[in-house]
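Please consult the sequence and the coordinates shown here alongside the text.

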Amino acid sequence: MLLNIKEMEVRKLPFAETWQPGTFDLADSGAVQKGPLTAQGVAELLPDTGGEVRVQGNIVADLETDCDRCLGRASFHLETPFDLFYCPAEKVRAGAEEEVALDEGAAEMGFYELPGLELDDIVREQVLFQLPMQRLCKDDCLGICPVCGANRNEKSCTCEAHPGDDRWAALKEIAVKQNP
């Protein structure tokens with residue numbers, strides 16, 4: 001859905017979109033949409049700002065990824081509000097010849113080109129920001145045994161990791177001799 005700047009000149013532009021499971025592109029994040037993904041909110045052109053746009057809304061999604069420890073399935077329910085600001089890209093290009101100091105607010109601003117903003121891009125960005133860095137199936141996931149490869153959540157193993165080739169043993173001996 002295009003959030004059209006010309007329409008925003010006349011009125012606030014409400015949106016309410018739903019993407020059915022498997023239809024939203026999460027751009028190689030490893031996440032899979034498992035339920036409807038919904039985004040609703042409003043986009044408005046801010047008066048007397050030279051074309052700045054504010055997009056506010058809420059996203060609800062159920063996603064699934066691989067667990068980082070055991071490679072099982074990890075599920076995530078996202079329900080997150082967002083409040084974003086965008087300014088026209090030509091505004092930045094016009095001042096590109098001279099250096100401009102950015103304040104904290106300007107550093108957090110996005111940019112758009114006419115005719116407007118793609119809601120899909122905004123939602124994708126917000127969903128990817130909300131996914132945790134370490135994706136676990138559960139907080140106490142035991143992971144995979146490095147010796148036998150068994151999923152420790154499903155069965156316990158009695159494997160012991162044995163250090164193999166210790167190439168630094170000679171340096172350890174020197175350190176012991178110097179610091180008895």
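This is a predicted model: local features need pLDDT of at least 70, side-chain atom pairs count only at pLDDT 80 or more; totals for chains, interfaces and linings use all residues.

## An aromatic pair

Phe24 is a buried residue, with a relative accessibility of 8%. Trp19 is likewise counted as buried, at 9% relative accessibility. The ring centres of Trp19 and Phe24 lie 5.0 Å apart with the planes at 70°, so this pair is classed as edge-to-face. The count of aromatic pairs comes to 1.

Beyond its neighbours within four places in sequence, Val123 is in contact with Trp19, Phe24, Leu37, Ala39 and Ile59.

## Overall architecture

The chain comprises 5 helices and 8 strands. Their order along the sequence is β-α-β-β-β-β-β-α-α-β-β-α-α.

Of the 180 residues in the chain, 33% are classed as buried. The accessible surface amounts to about 12000 Å², and carbon and sulfur atoms account for 51% of that surface. Among contacts with a sequence separation of 6 or more, 59% involve residues 24 or more positions apart.

In soluble globular proteins, nonpolar side chains tend to be buried together. In this model the largest nonpolar core has 34 residues, and Leu3, Val55 and Val123 are those with the most contacts inside it. Two or more core residues are contributed by each of helix H1 (5–10), strand E2 (13–19), strand E4 (37–45), strand E5 (53–66), strand E6 (73–88) and helix H4 (119–130). Strand E6 supplies the largest share of this core, with 6 residues.

## A buried threonine

Thr65 belongs to strand E5. Is Thr65 buried or exposed? Its relative accessibility is 1%, so Thr65 counts as buried. Leaving out residues up to four places away in sequence, Thr65 touches Gly30, Ala31, Gly72, Arg73, Ala74, Phe76 and Arg135. One of these, Arg73, also takes part in a salt bridge with Glu64.

## Cysteines

A disulfide is a covalent bond between the sulfur atoms of two cysteines. How many disulfides does the structure hold? The number is 0.

Cys145 is in no disulfide either; the nearest cysteine sulfur, belonging to Cys157, lies 3.5 Å away. Cys67 is buried, at 1% relative accessible area, and Cys145 is buried as well, at 2%.

## Salt bridges

Side chains of opposite charge can pair when their charged atoms come close. Across the whole structure, 7 salt bridges are found. One of them joins the side chains of Glu7 and Arg11, with an N to O distance of 3.4 Å. Both partners are partly exposed: Glu7 has a relative accessibility of 35%, and Arg11 has one of 42%.

Another salt bridge forms between the side chains of Arg54 and Asp83, at 2.6 Å from N to O. Arg54 lies in strand E5 and Asp83 in strand E6, so this pair ties together parts that are 29 residues apart in sequence. Arg54 is partly exposed, at 23% relative accessible area, and Asp83 is also partly exposed, at 37%.

Glu64 and Arg73 form a salt bridge in which the closest N and O atoms are 3.1 Å apart. What is the setting of the two partners? Glu64 counts as buried, at 17% relative accessibility, whereas Arg73 counts as partly exposed, at 40%. The cut-off matters for Glu64, because buried means under 20% relative accessible area.

Notes
Residues are numbered from 1 along each chain as its sequence is written. Side-chain values use heavy atoms; hydrogens and water are left out. A nonpolar core is a set of buried Ala, Val, Leu, Ile, Met, Phe, Trp, Tyr and Cys residues joined through side-chain atoms within 4.5 Å. Buried means under 20% relative accessible area, exposed over 50%, partly exposed in between (1.4 Å probe, protein chains only). Helices (H or I, at least four residues) and strands (E, at least two) are DSSP runs, numbered from the N terminus. Contact means heavy atoms within 4.5 Å. A disulfide is a pair of cysteine sulfur atoms within 2.5 Å. A salt bridge is a side-chain nitrogen of Lys or Arg within 4 Å of a carboxyl oxygen of Asp or Glu. Accessible areas come from the Shrake-Rupley method with a 1.4 Å probe; for residues, only the protein chains shown count as cover. Rings of Phe, Tyr and Trp (its six-membered ring) pair if their centres lie within 6.5 Å; planes under 30 degrees apart count as stacked, over 60 as edge-to-face and the rest as tilted.
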